[in-house]
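Hi,

Here is the structure I promised to pass on. Have a look first, and my notes follow below.

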Amino acid sequence: LRTRSGHCCQCDTSKIAFQSRADAKGVTYLAASIKGQIIKIGFTKAVEIRSESLNRTKYANLSDWEILFAIESDFAGRIENLANTYMSKYFYSLDYKHDNHIQESYETFHCSFSKGRQIIFDICKDSQFSYKVLQNSESNRFEFKNLIKKN
């Protein structure tokens, strides 16, 4: 058995959960870290506790995550997948320790908050996905205008 992207779901059963999440109703959110000067686009069912979870687990080895933008949609999982694909040129991975294992962040991007938010809006418009804005920060401190390309 294989997922739509060709991965074996018998070898890695987490692929089944990931695939079903792609078709799930929920919240697509954009979080940012000032310390890391990165953003994260993700999916959750409980946005009100997501920043606490990101900070507690030190996602991407950072603990200053703040949820800046969130939309609720019947297509939230698909919006997250598309946004992460469209943001690939800004992809910036960081290693971090989670459950005593080294993990790699796959949903982190080295670009401004406004760029990430605009991509989410564009995906919803182009794909005609209905959504409801739950949170929309206008903070300029997450614009990261003087980005230095990190190696």
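Contact, as I use it here, means heavy atoms within 4.5 Å. Please keep in mind that this is a predicted model.

Let me start with Thr28, which sits in strand β1. Leaving aside neighbours within four places in sequence, Thr28 is in contact with Ile41, Gly42, Phe69, Ala70, Ile71, Ala76, Ile79, Glu80 and Ile120. Thr28 counts as buried because its relative accessible area is 0%, under the 20% cut-off. A polar atom of the Thr28 side chain lies 2.8 Å from the backbone oxygen of Ala76.

Next, the nonpolar cores. The largest one has 21 residues, and the members touching the most others are Leu30, Ile39, Met87 and Ile120. At least two residues of this core come from each of β1 (26-33), β2 (38-44), β3 (65-73), α3 (76-86) and α4 (113-127), with α4 giving the most, 5 residues. There is also a second, separate core of 14 residues, including Val27, Val47, Ile67 and Ala70.

The side chain of Ser114 makes a polar contact of 3.3 Å with that of Ser112. Ser114 and Phe144 are 30 residues apart in sequence, and their C-alpha atoms are 9.8 Å apart in space.

Best wishes

Notes: Residues numbered from 1 in each chain as written. Predicted model: local features only at pLDDT ≥ 70, side-chain atom pairs only at ≥ 80, totals over all residues. Heavy atoms only, no water. Core = buried A, V, L, I, M, F, W, Y, C linked by side-chain atoms within 4.5 Å. Buried < 20%, exposed > 50% of the residue type's maximum accessible area, 1.4 Å probe, protein only. Helix = DSSP H or I, 4+ residues; strand = E, 2+ residues; numbered from the N terminus. Polar contact = N/O pair within 3.5 Å; in protein donor to acceptor, adjacent residues only side chain to side chain.
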